Amino acid sequence: MPSAVPPATGFGGSGAVPPERAGTTEAAVGLGAVAPGRPGPDAGRTAEPEAWTPLTPPPAFAMPAPPAPPGIPPHPAPPHSAGTPVAPAPVTPDPALSWTAMTPPADRPVVTFGEPEGYDEQARPVPLAARLRSRTTVAAVCVVLGFGLIGGAATGSWLTGGSGDDGAPDTFAAAAELWHSIPVDQLFPPTVQGTGAGPGGADRTWTRIAVAPDSGCQNAFDPLLHKVLAPAGCRRLLRATYTDATRSYVTTVGLLFTKADAAAMSALDARFRKEGLDRRADLMPRPYAAKDTLAAAFGDKQRASWTVSVLTDTPVVVFAVSGWADGRTVDTPQPAADATQSGATTDPAQAGLGNEAQGLADRIERAFRKTADAATEEPS
């Protein structure tokens, strides 16, 4: 019997592969490999090299040779030996189609970029450049004429001494004459609402109890305050006295129409601010104590708090002074600007008399400004 083939060994078998054949065995492992020691199906056959034959496209798919350009002779066919495949002739681009061609072919149209056109008022085509030049010229002429008209108007105003604002009223000077043209109920309304004007933002309502006849400034102010206001002049003094809803306090509010111009009013306002004249107790305005009213006992010794405001857009000084309605005297009056501060502990501050004077003066001033603006507004 033929001897048995020794079994292939795996992990730890006795038939180990000899070292000299290890490379052969590793090379043979793979797809379709033949185990060593066994003949393959092609054993004994000699392998012959296979001849390479280039693929030639069938005649139906042969590319036709491009026609030769006019005036250029066709390239002669290169000689070739029998059995050698013939390479297709190279395709030569038409020089006339090149971007570097200097002159187009005779049979091709010449294309040029024309000037953009527009249309005039009669729908006739007009070159756009000509229209732009025409419009630029017209615009330049209009600018020159405009400057000429403006210059002529300014020159005429200068020659005639006018301001150039035809018919515009001088609002500052016009406001100085409003004291005799505005009804008293507009200057001093019968009832004034003071939303948030009281201590802590509480609302206040004041009722008018007396209106003083319009007069001059004689005995209307303390001597020192009268001296301070004298440079502005006194055109007319208007005053009215109000009481609060509880009839516990009385307040006199006034409008002093001065003779000063805008510069003088600005200078007076600057002096009050710089020197703190609105906080000096010897510069208090005097109240209007109307007989047979709740303010009949409201005299100089009953003044508790006050405020003075110099307006600069109109020749007017707004002021107010407050006190108790029961006629009690006050040893240390306090300006409203201090009495309305948080944490003030004086009697006028605790009673809210600073809020009475400041709140009522602010509302009368706002009403006057609104009335003055409407009265001096240029009619349309």
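## Surroundings of Arg204

Leaving out residues up to four places away in sequence, Arg204 touches Val192, Gln193, Gly194, Thr195, Ala197, Gly198, Pro199 and Glu356 (contact means heavy atoms within 4.5 Å). Arg204 lies in strand 4, residues 204–211 (strands, E, at least two residues, and helices, H or I, at least four, are DSSP runs numbered from the N terminus). The side chains of Arg204 and Glu356 also make a polar contact at 2.8 Å. Such a contact is a pair of N or O atoms within 3.5 Å; within protein, one must be able to donate a hydrogen and the other to accept it, and residues adjacent in sequence count only if both atoms are side-chain atoms.

## Basis of the values

The model is predicted: local features need pLDDT of at least 70, side-chain atom pairs count only at pLDDT 80 or more, and totals for chains, interfaces and linings use all residues. Residues are numbered from 1 along each chain as its sequence is written, and side-chain values use heavy atoms, with hydrogens and water left out.

## Aromatic pairs

There are two aromatic pairs (rings of Phe, Tyr and Trp, the last by its six-membered ring, with centres within 6.5 Å; planes under 30 degrees apart are stacked, over 60 edge-to-face, the rest tilted). The ring centres of Phe221 and Phe319 are 5.4 Å apart and the planes stand at 70 degrees, so this pair is edge-to-face. Phe221 is in the loop between strand 4 and helix 5 (223–229), and Phe319, 98 residues apart from it, is in strand 8 (residues 316–324). Phe221 is buried at 6% relative accessible area (buried means under 20%, exposed over 50%, partly exposed in between, with a 1.4 Å probe and protein chains only). Phe319 is buried at 2%.

Phe257 and Phe368 form an edge-to-face pair, with 5.7 Å between centres and 85 degrees between planes. Phe257 belongs to strand 6 (residues 249–257) and Phe368 to helix 9 (residues 353–375), 111 residues apart. Phe257 is buried at 0% relative accessibility, and Phe368 is buried at 2%.
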